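Reader: I would like to go through this structure with you. Could we take it topic by topic?

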Amino acid sequence: MRLDGRPKVGRGTKGQSTVELALLMPLLALLLAVVVDGGLALNSWVRVNTAARDATRFALDNGRDSDVASLVLRKMTGLNANNVNVYVISGTTDNSGRIPSNTTPWWKARHPQGPGAADGYKIQPSRIEARLRAIGNPNNVPFVIVEVDYIYSSFLGSFLNWSGIPMTSYAIIQKY
């Protein structure tokens, strides 16, 4: 300090900016990693939705299940194919607009691609019935659904001990 009470400028402050940068650098790197990982997760989510929608249109045109799964995998090129499950579900509602649970021919689910089919598809018949009612008359309506399940493996997840972020999307189309 000077005799007049003002601090000395330039002395004792050498390297202060370097220390501040060193303290803030890990926080800035973490912030950048979160932004990049969030962008990659959003990209995966968009690709899962697009794959389900396009595969449903393809399945509606009587595409084979294996071809539907191949289409989904092509749409998701660059993502880990081992984390993808594709379900092709087709059926017909009864006269009351409900999906009969005791009749196999009306409610068929096929799993043409990928490991991990133990948990099965996630969409429930009650959700399908509600969607069909929202679209219009649900009585005796044949429909096709393609559900795509994907587990996004975050590169930050290895540091945080995450198993992955599950992403599920489905598209439903009525056959007329």
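Reader: To begin, where is the place of Val-141?

Author: Val-141 sits in the loop between helix 3 and strand 3. Helices (H or I, at least four residues) and strands (E, at least two) are DSSP runs, numbered from the N terminus. Please note that this is a predicted model, in which local features need pLDDT of at least 70 and side-chain atom pairs count only at pLDDT 80 or more, while totals for chains, interfaces and linings use all residues. Residues are numbered from 1 along each chain as its sequence is written, and side-chain values use heavy atoms, with hydrogens and water left out.

Reader: Does Val-141 count as buried or exposed?

Author: Val-141 counts as buried, because its relative accessibility is 5%. Buried means under 20% relative accessible area, exposed over 50%, and partly exposed in between (1.4 Å probe, protein chains only).

Reader: Which residues does Val-141 touch, not counting those up to four places away in sequence?

Author: Val-141 touches Gly-91, Thr-92, Thr-93, Leu-132 and Gln-174. Contact here means heavy atoms within 4.5 Å. The C-alpha atoms of Val-141 and Asn-95 are separated by 8.9 Å, and these two residues are 46 residues apart along the chain.

Reader: Where is Gln-174 found?

Author: Gln-174 belongs to strand 4, residues 165–174. Gln-174 is buried, because its relative accessibility is 8%. Leaving aside neighbours within four places in sequence, Gln-174 is in contact with Leu-60, Leu-132, Ile-135, Val-141, Pro-142 and Phe-143.

Reader: And Asn-140, what is its phi?

Author: Asn-140 has a positive phi of about 55°, although it is not a glycine. Most residues other than glycine have a negative phi. Asn-140 lies in the loop between helix 3 (125–135) and strand 3, and it is partly exposed because its relative accessible area is 44%.

Reader: Let us turn to the overall fold. How many helices and strands are there?

Author: The protein has 4 helices and 4 strands. From the N terminus on, the elements run α-α-β-β-α-β-α-β. Of the 176 residues, 34% count as buried. Among contacts with a separation of 6 or more, 69% are between residues 24 or more positions apart.

Reader: Which residues have the most contacts inside the largest nonpolar core?

Author: They are Val-68, Val-72, Met-76, Val-84, Val-146, Val-148 and Tyr-150, in a core of 20 residues. A nonpolar core is a set of buried Ala, Val, Leu, Ile, Met, Phe, Trp, Tyr and Cys residues joined through side-chain atoms within 4.5 Å.

Reader: Which elements give two or more residues to this core?

Author: Those are helix 1 (16–60), helix 2 (65–75), strand 1 (84–92) and strand 3 (142–152). Helix 1 gives the most, with 6 residues. Apart from this core lies another, of 11 residues, among them Tyr-87, Ile-128, Val-141 and Ile-172.

Reader: At what angle do helix 1 and helix 2 pack?

Author: They pack at about 150°, with their axes 9 Å apart. Helix 1 is therefore roughly antiparallel to helix 2. Axes are lines fitted to C-alpha atoms, for helices over the stretch in contact, and angles run from 0 to 180 degrees between N-to-C directions. Angles under 35 degrees count as roughly parallel, over 145 as roughly antiparallel, 65 to 115 as roughly perpendicular and the rest as oblique.

Reader: Which residues meet there?

Author: From helix 1, Arg-47, Ala-51, Asp-54, Ala-55, Phe-58 and Ala-59 meet Asp-67, Val-68, Leu-71, Val-72 and Lys-75 of helix 2.

Reader: What about Asn-49: where does it lie?

Author: Asn-49 lies in helix 1. Asn-49 is partly exposed, because its relative accessibility is 22%. Between Asn-49 and Lys-75 the C-alpha to C-alpha distance is 9.9 Å, and they are 26 residues apart in sequence.
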